[in-house]
Amino acid sequence: MPGRTSLAATASSDAISAAFLTVKDAADYLGLSPHTLYVWRHRRQGPPSFRMGPRGRVMYRLGALDAWVREQEQADSRSNPALNPVNTPVQERTSRFLGA
């Protein structure tokens, strides 16, 4: 059913452009599996999420996902030159036994 596949792909791309994403759509957006997001949520790690509606569906704000990705980039020394140990000045060691 090729028509059905293209309809599903269109629906998925429309969901990614929405302000709120389901776990599956957020996982697709981040390039992760939904299981990873569930595990991170259980461990209180990963991007911020919340429950929405009477059924309590787990949702993610698109802006919060983007902000979380930026935080991850800044925390990584390969993306943030300020955290790269090669860029830190060499510190001279002083002996605490100089006077003794």
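Here is a short walk through this predicted model, one selection at a time. Residues are numbered from 1 along each chain as its sequence is written. Because the model is predicted, local features need pLDDT of at least 70, side-chain atom pairs count only at pLDDT 80 or more, totals for chains, interfaces and linings use all residues, and side-chain values use heavy atoms, with hydrogens and water left out.

Stop 1: Select β1 (20–22), β2 (50–52) and β3 (57–61). Strands here are DSSP runs of E with at least two residues, helices are runs of H or I with at least four, and both are numbered from the N terminus. The three strands form an open sheet in the order β1-β3-β2, with antiparallel pairing; two strands pair if DSSP finds at least two bridges between them. β1 and β2 stand at the edges with a single partner strand each, so one side of each has no neighbour in the sheet.

**Stop 2: a bridge.** Three bridges join β1 to β3. Which residue of β3 is the bridge partner of Leu-21? Select Tyr-60 to see that partner.

**Stop 3: the helix.** Now select α4 (residues 62–75), which packs on the sheet and touches β1 and β3. Contact means heavy atoms within 4.5 Å.

**Stop 4: the core.** Select Leu-21, Val-23, Ala-26, Ala-27, Leu-37, Val-58, Tyr-60, Leu-62 and Leu-65, the nine residues of the largest nonpolar core. Such a core is a set of buried Ala, Val, Leu, Ile, Met, Phe, Trp, Tyr and Cys residues joined through side-chain atoms within 4.5 Å, where buried means under 20% relative accessible area (1.4 Å probe, protein chains only).

Technical notes. Axes are lines fitted to C-alpha atoms, for helices over the stretch in contact, and angles run from 0 to 180 degrees between N-to-C directions. Buried means under 20% relative accessible area, exposed over 50%, partly exposed in between (1.4 Å probe, protein chains only).
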